[in-house]
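Where is empty space left? Rolling a probe the size of a water molecule over the atoms shows this.

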Amino acid sequence: MTGEAPEMAPAELGDVPPHDIQAERITLGSMMLSATAIGEIIDIPLAAGDHYLPAHQIVHEVILHLHGAGEPTEAEAVLIELGRRGELRAGLDATFLFALIQAVPVALSGPHYAREVARHARVRRAQEGISRALLMTKRAGFSPDEDMDRVRQAVDDATGTRADAGSARWLADAVLETLDKLDKPLPPDEITPPYVDLRDVIPALRDGQLVTVAARPSIGKTVVAGDFARHAAFRLGLPVAWFSLEMSREELIIRTLAAEARVSQDHLQRHTMDDAEWARVEAAAQSFGESRLLIDDKSGSSIAHVRSALRAMARDAVPRLVIFDYLQLGSSPGAPSRQEEVSRLTRDLKDVARDFGLPVLMAAQLNRNPESRHDKRPLQADLRESGEIENSSDVVILLHREDYYERESPRAGEMDLIVTKNRNGVTATVTVAFQGRFCRCVGMAPEDCVRASEWTPTSTLGVVA
């Protein structure tokens with residue numbers, strides 16, 4: 001005896017799924033007798049598909065249709081609607097409806113029995129989801145690394161609680177809750193941008209948003225993504241999940257230490273730091289250790305991997321921001337073309353933002369079109385390989401540095417953040433100081449507290465961003 005529980009086969013869950021036919025009959029009969037009962041049953045919530053018998057599902061759906069249209073819901077009206085839909089047949093007729101009414105002990109008892117119907121439906125869904133998950137693991141080619149998230153999703157979908165988005169009472173509560181939020185300052189867990197001037201354009205990254213930061217290679221996508229990650233993790237104290245498809249975890253740690261400690265990345269790489277730099281790096285390392293910045297450096301990550309990783313991270317700390325760097329290095333198995341692969345990845349990342357209830361900041365690469373223009377400034381149409389990026393993104397920020405193309409530019413050391421799409425606000429261009437050797441940007445507003453000694457124009461030269 002090992003003490004372990006034996007594996008349960010699907011049949012052991014019961015050949016007949018749990019249900020209560022009498023409770024279903026009383027529920028439907030009370031709905032035909034009382035409009036008050038209908039309202040209470042809707043709020044439970046109980047849907048037509050929660051009934052075990054198909055005939056009961058049809059009757060429930062007809063009652064809800066009549067109720068929603070403001071029409072009577074008594075048996076005669078239900079019978080007429082069933083005939084109009086062509087649903088009258090042997091076993092579903094006037095006698096069937098009369099029997100439902102006869103089953104009701106007291107009209108107002110309907111909600112009590114409806115809760116029993118809903119409970120049995122939840123148990124059935126849970127059993128079905130667990131059975132589907134078990135079958136997934138038995139299929140040939142099942143990969144725990146790539147497919148486990150589908151298993152978790154099947155169980156989550158089966159055991160989750162559904163909300164009735166059509167309830168007027170729910171909508172009223174939601175409106176009041178929204179007004180209450182608008183009357184208060186931004187909550188402390190809002191992801192504000194790391195640069196003060198950018199907050200005038202984008203006050204905060206909202207849950208469910210997909211924010212795209214795009215640029216040509218070596219302009220500074222990872223630098224800006226890192227600034228968002230550091231600001232959220234170190235300044236706001238929030239859990240951040242950073243998926244890096246281009247750089248290793250060690251590379252990102254070195255870049256983050258350089259940015260946080262204001263020490264040249266080159267000094268870190270060459271191990272040539274002086275005592276003052278060592279002191280700042282040690283302080284930055286302490287901030288790193290106290291933060292909840294999580295770095296995943298699996299190359300060619302798929303969305304299945306992202307979802308699985310987020311679920312695993314949530315066991316310790318639920319991430320409040322996801323960084324995905326960068327889009328064109330991701331993978332979407334089965335896509336017929338590269339353009340469709342990028343489109344799928346973009347839509348899937350938007351779904352991740354909505355499903356997990358957090359903002360996703362996605363770095364993306366622009367095509368070569370800006371380099372053929374006189375001023376080299378990027379446009380939203382330059383987003384590489386897919387117009388889906390424009391469609392799915394709530395915010396699009398394009399990066400531009402004049403000194404990347406013209407080393408003697410009078411704007412050396414400056415980067416433009418061109419907000420070309422902002423679904424919930426204005427568009428504008430914000431300029432920040434690009435401190436390339438420190439692997440970071442710094443806002444130019446006085447509130448950003450930039451000391452002149454921390455930045456000089458020469459700091460931008462010869463740096464891969």
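The structure holds 2 cavities of 30 Å³ or more. A cavity here is a set of points, on a 1 Å grid over the protein atoms alone, where a 1.4 Å probe fits but cannot get out; points are joined across faces, edges and corners, and a volume is the space filled by probe spheres set on them. This is a predicted model, in which local features need pLDDT of at least 70, side-chain atom pairs count only at pLDDT 80 or more, and totals for chains, interfaces and linings use all residues. Residues are numbered from 1 along each chain as its sequence is written, and side-chain values use heavy atoms, leaving out hydrogens and water.

The largest cavity has a volume of about 60 Å³. Its lining (residues with an atom within 4 Å of a point) consists of T222, V223, G226, R230, W242, R255, T256, A259 and C439. Helix 10 (221-235) and helix 11 (249-261) are the elements that give two or more residues to this lining, and helix 10 has the largest share, 4 residues. Helices are DSSP runs of H or I with at least four residues, numbered from the N terminus.

The second largest cavity, of about 40 Å³, is lined by R216, I219, L366, P370, K376, P378, L399, H400, R401 and Y405.

L399 also belongs to the largest nonpolar core, which has 48 residues; L399 and L293 are among those that touch the most other members. Such a core joins buried (under 20% relative accessible area, 1.4 Å probe, protein chains only) Ala, Val, Leu, Ile, Met, Phe, Trp, Tyr and Cys residues through side-chain atoms within 4.5 Å. Helix 10 gives the most to this core, with 8 residues.

Key:
1 Å grid on protein atoms, 1.4 Å probe; cavity = no way out; pocket = protein on both sides within 12 Å on 5 of 7 lines; lining within 4 Å. Buried < 20%, exposed > 50% of the residue type's maximum accessible area, 1.4 Å probe, protein only.
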